[in-house]
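Student: Could we go through this protein together, a few residues at a time?

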Amino acid sequence: MKIVVLDGYTENPGDLSWEWLKKYGEVEIYDRTPEELVYERSKDAEVIITNKVPFNRERVERLPKLKYIGITAAGYNIIDIEAVKEKNIIVTNTPNYGSKVVAQMVFAHLLEITNNVGLHSKSVKDGEWSEKLDFCYWKKPIISLEGKTIGILGYGNIGKEVEKIALAFGMKILIYDRKNLNIDNQVTLEEILKRSDVISLHLPLTEETYRLINKETIEKMKKDVILINTSRGPLVDETDLLEAIKSGKIYGVGLDVLRNEPPQKDSELLKNDRINITPHIAWAAIEARQNIMKIAEENLKNYLNGKVINNIY
């Protein structure tokens with residue numbers, strides 16, 4: 001059985017091992033696979049392991065030997081689900097491998113906006129504190145989270161971990177989810193936009209959630225709202241987001257994901273000092289990536305034993 005890893009570098013840049021795969025078949029591992037080489041590298045594979053290589057209908061139909069796709073991520077918007085179902089291709093993901101570490105990044109972004117640690121540390125190292133007459137100073141307002149309302153859009157594993165941390169800060173919690181959760185603080189999308197001081201996105205990318213944050217929904221938000229996105233870049237219309245920041249509607253933004261990754265060097269997002277951007281690393285702690293490896297192996301092993309787990313459909 002031929003097993004191909006198409007884009008293994010982000011999961012394993014050298015600090016982990018793919019050795020476990022060799023127990024299950026002949027293995028080829030590629031750090032990255034450009035679009036023009038996907039077919040050539042995939043055509044003889046029964047098993048493909050990937051993180052971000054898309055499998056649309058056209059690609060799936062050109063790969064008659066393909067039986068299994070293992071996604072080394074929780075999200076699976078790279079897959080044409082109807083196409084793989086029609087071809088009886090099993091597709092598994094790696095859910096809940098690092099919910100706590102992603103929630104940690106939510107608050108890393110939020111605290112950078114409210115406390116400006118990086119800004120003040122640079123100021124001190126540049127000598128500004130040494131020149132002050134007083135024992136302290138601040139270059140931007142320090143904002144307390146206690147008593148603020150955080151709106152969590154998407155109440156899956158990550159959303160639940162964000163809630164726990166927010167409660168520890170003394171925040172009030174509102175939840176929006178497409179499912180009826182039968183909890184007292186679940187509200188409509190319009191209500192959560194209207195009442196939240198902080199909005200944190202944890203929704204999957206679907207036709208319904210594509211550009212959910214846009215001019216219309218931003219207009220319903222409080223003035224000086226803070227927006228955090230560690231989910232999927234296309235949940236946000238970035239043009240409308242920039243306009244809202246420039247107008248003063250949005251106070252600050254923390255983004256770990258963008259519509260286009262990596263961004264162009266001349267992207268307006270990179271030029272705005274009220275937007276903090278990290279390079280899609282909320283998931284990337286070594287502990288979380290070790291969990292991905294473990295779940296990916298369990299998924300493959302169970303598939304080969306006829307007991308499919310974590311199938312996406």
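Student: Is Arg289 buried or exposed, and what is its relative accessible area?

Tutor: This is a predicted model, where local features need pLDDT of at least 70, side-chain atom pairs count only at pLDDT 80 or more, and totals for chains, interfaces and linings use all residues. Residues are numbered from 1 along each chain as its sequence is written, and side-chain values use heavy atoms, leaving out hydrogens and water. Buried means under 20% relative accessible area, exposed over 50%, and partly exposed in between (1.4 Å probe, protein chains only). Arg289 is buried, at 6%.

Student: Which side chain meets Arg289 in a salt bridge?

Tutor: A salt bridge needs a side-chain nitrogen of Lys or Arg within 4 Å of a carboxyl oxygen of Asp or Glu. Here the N to O distance is 2.6 Å, and the partner is Asp15.

Student: How many residues apart in sequence are the parts that this pair ties together?

Tutor: Helices (H or I, at least four residues) and strands (E, at least two) are DSSP runs, numbered from the N terminus. Asp15 sits in the loop between β1 (2-5) and β2 (26-29), while Arg289 belongs to helix α10 (residues 286-304), so the parts tied together are apart in sequence by 274 residues.

Student: Asp177 is buried yet has no salt bridge; which side chain of opposite charge is nearest, and how far away?

Tutor: Lys and Arg count as positive and Asp and Glu as negative, with His and the chain ends not counted. For Asp177 the nearest side chain of opposite charge is Arg178, at 5.4 Å.

Student: Which backbone nitrogen does the Asp177 side chain reach?

Tutor: Asp177 lies in the loop between β7 (172-176) and α7 (189-195). At 2.8 Å, its side chain reaches the backbone nitrogen of Tyr155.

Methods: Polar contact = N/O pair within 3.5 Å; in protein donor to acceptor, adjacent residues only side chain to side chain.
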